[in-house]
Amino acid sequence: MSDSMRKGLGDQAQEKLTPDSQKSTAEQGTEKLSSMGDKAAGAVQPGDSKSTTQELGDKARSGADSTQDTAGSYLNQASDKASELTNKSSGSMPSAGEAQDTGKTYLNQASDKASDLTKKTSESMPSTGQAQDTGKTYLDQASEMASNAAKTVSDTLSDVANKISESGQGSK
């Protein structure tokens, strides 16, 4: 599988930057389906067949998904705890203030964890500039190799032409 079968990072960024309020329901659905397909393709595509930018994009998406899942889990815990406290009917029912404090605690934990995961993800990922520099280095190496190969072919052809010319003059 090649990167040509994958959604480009520019397309992904454009989709994220355009607010949903500016998209039709059909566009939102199409984006969601294509994102799910790209995510599945990225999961089954071996890392050694991905371009550097596609591999970085997959890692960033994985980190973001993990952060969302963790934050969602904390938010669900906060919601469950708030519901539990609200629905308690015993004489030791906490006050609304205590329920709010517990909810705030869980929300703060969710926020802290999401922030930590986001920071870890961004620290472990090379910057776009680094990825571009790596790409430029590979491109420069490939260009130099092609230039060297062309010079070798040119020199060889020149040598062959000289030998043919010399052998033609020697037979006269």
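This tour goes from the whole chain to a few side chains, and then to a pocket.

**Before you click**

This is a predicted model, where local features need pLDDT of at least 70, side-chain atom pairs count only at pLDDT 80 or more, and totals for chains, interfaces and linings use all residues. Residues are numbered from 1 along each chain as its sequence is written, and side-chain values use heavy atoms, with hydrogens and water left out.

**Stop 1: the whole chain**

Colour by secondary structure and you'll get 5 helices and 0 strands. Read from the N terminus, the order is α-α-α-α-α. Helices (H or I, at least four residues) and strands (E, at least two) are DSSP runs, numbered from the N terminus.

Now put on a surface. Of the 172 residues, 18% are buried. Here buried means under 20% relative accessible area, exposed means over 50%, and partly exposed is in between (1.4 Å probe, protein chains only).

As for contacts (heavy atoms within 4.5 Å), take those between residues at least 6 apart in sequence: 74% of them join residues at least 24 apart.

**Stop 2: select Lys 23**

Where does Lys 23 sit? Look in the loop between helix H1 (9-17) and helix H2 (25-44). Lys 23 counts as buried because its relative accessible area is 10%.

Show its neighbours next. Leaving aside those within four places in sequence, Lys 23 is in contact with Glu 15, Thr 18, Gln 28 and Glu 31. A polar atom of the Lys 23 side chain lies 3.2 Å from the backbone oxygen of Thr 18.

**Stop 3**

The structure holds 3 salt bridges, a salt bridge being a side-chain nitrogen of Lys or Arg within 4 Å of a carboxyl oxygen of Asp or Glu. Asp 20, Lys 23 and Glu 31 are linked in a network of them.

Try the distance tool on both pairs. Between Lys 23 and Glu 31 the closest N and O atoms are 2.7 Å apart, and between Asp 20 and Lys 23 they are 3.5 Å apart. Lys 23 and Glu 31 are both buried, whereas Asp 20 is partly exposed at 46% relative accessibility.

**Stop 4: jump to helix H5**

Select Asp 155 and Lys 151 for another salt bridge, at 3.0 Å from N to O. Both lie in helix H5 (residues 128-170), 4 residues apart, about one turn of the helix. Asp 155 counts as partly exposed because its relative accessible area is 36%.

**Stop 5: Thr 105**

Thr 105 is in helix H4 (residues 96-124) and is partly exposed at 42%. Select Ala 78 as well: the two C-alpha atoms are 8.1 Å apart, though 27 residues separate them along the chain.

**Last stop: the largest pocket**

Select Glu 15, Lys 16, Ser 35, Arg 61 and Asp 65, which lie nearest the centre of the largest pocket among its 18 lining residues. H1, H2 and helix H3 (52-87) each supply at least two lining residues. Which helix gives the largest share? That's H2, with 6 residues.

Methods:
Polar contact = N/O pair within 3.5 Å; in protein donor to acceptor, adjacent residues only side chain to side chain. 1 Å grid on protein atoms, 1.4 Å probe; cavity = no way out; pocket = protein on both sides within 12 Å on 5 of 7 lines; lining within 4 Å.
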